[in-house]
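Subject: Structure for you, with notes on cavities

Hello,

Here is the structure I said I would pass on. My notes follow below it.

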Amino acid sequence: MKKVKCFAVSLAALFGASLIFASCGSSCPADAQKGAAAENTNTMSNKAPYQKKYTNADFYDAQGNFKQDVAKEAFLDMFAHYDVPFTPLMEKDIWFTDFGLGDFENCGMGGIFWINDSTEGYFAHSIYLLPGQMIPEHKHVKTAFPAKKESWMVDKGWVYNFSEVGEATEGAEALVPASQKATTVSKNYVKQNLGEVLTLKAPETWHFMMAGPEGAIVWEFANYHDNAGLRFTQPKAAL
């Protein structure tokens, strides 16, 4: 009897989501396709969680200057763990910032603006956070453009999603890095898990997110981002 060859290909999508495509002949058993998908799922679930590998001692030189190359190295390490391809566009446009606060281990981010269209008024952004890393608390106010309103979906890892809207959540203050405690006003938070979508509770309100211990990659969708409308509770912070 002629044997039919079956194969499965794992294709990493642009944002790092993994899709499995099974290609078989007409007589290829359905079980073979299910087996390939199950094998991929088991491989992912058995993978050890990503862990923190860098500290401020790595990110700053003796004079306190932020080392962009080490920040890039840290994120590339996390991308490799999560099987996120580092594309030529990312190489060209990705950025890393400590917001001028000198505490990148605990407060900073990497990111890329895939699109930021002021004419049509839409925005797509990937947020990259190392384990335990917080984006400084901020809000977006109206300028010549409407106040930015965002929705976020967690693609890798998970985050604490904080807002000034709502009753204080028990333990909120204990989660905030020491360098940010004095200025942070958002006390309500939820744990936003893989695949979940949340939206800013109200325009022009303080908010921030902080990665869990496995780091996080978050997709953000919003209207146009006008940097002139960005405000921080931490006076020294700037993007």
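Which side chain does the side chain of Glu-220 join in a polar contact? The partner is Lys-148, at 2.8 Å. Please keep in mind that this is a predicted model.

Glu-220 sits in strand 10, which covers residues 207-222. Its relative accessibility is 3%, under the 20% cut-off, so Glu-220 counts as buried. Beyond its neighbours within four places in sequence, Glu-220 is in contact with Phe-123, Ala-124, His-125, Ile-127, Lys-148, Glu-150, Ser-151 and Trp-152.

Glu-220 also belongs to a cavity lining. Searching the whole structure gives four cavities of 30 Å³ or more. The largest cavity has a volume of about 210 Å³, and 22 residues line it. Those nearest its centre are Met-109, Ile-135, His-138, Glu-150 and Glu-220. Two or more lining residues come from each of strand 4 (109-117), strand 5 (122-129), strand 6 (138-140), strand 7 (150-163), strand 10 and strand 11 (230-232). Strand 10 contributes the most, with four residues. By type, the lining of the largest cavity has 13 nonpolar, six polar and three charged residues.

The second largest cavity has a volume of about 70 Å³. Its lining consists of Tyr-50, Gln-51, Lys-52, Lys-53, Tyr-54, Phe-59, Ala-74, Glu-105, Leu-130 and Pro-131. Of these lining residues, six are nonpolar, one is polar and three are charged.

Regards

Definitions and conventions:
Residues are numbered from 1 along each chain as its sequence is written. This is a predicted model: local features need pLDDT of at least 70, side-chain atom pairs count only at pLDDT 80 or more; totals for chains, interfaces and linings use all residues. Side-chain values use heavy atoms; hydrogens and water are left out. Buried means under 20% relative accessible area, exposed over 50%, partly exposed in between (1.4 Å probe, protein chains only). A polar contact is a pair of N or O atoms within 3.5 Å; within protein, one must be able to donate a hydrogen and the other to accept it, and residues adjacent in sequence count only if both atoms are side-chain atoms. Contact means heavy atoms within 4.5 Å. On a 1 Å grid over the protein atoms alone, a cavity is a set of points where a 1.4 Å probe fits but cannot get out, and a pocket is an open set with protein on both sides within 12 Å along at least five of seven lines; lining residues have an atom within 4 Å of a point. Grid points are joined across faces, edges and corners, and a volume is the space filled by probe spheres set on the points. Ala, Val, Leu, Ile, Met, Phe, Trp, Tyr, Cys and Pro count as nonpolar, Asp, Glu, Lys and Arg as charged, and the others, Gly among them, as polar.
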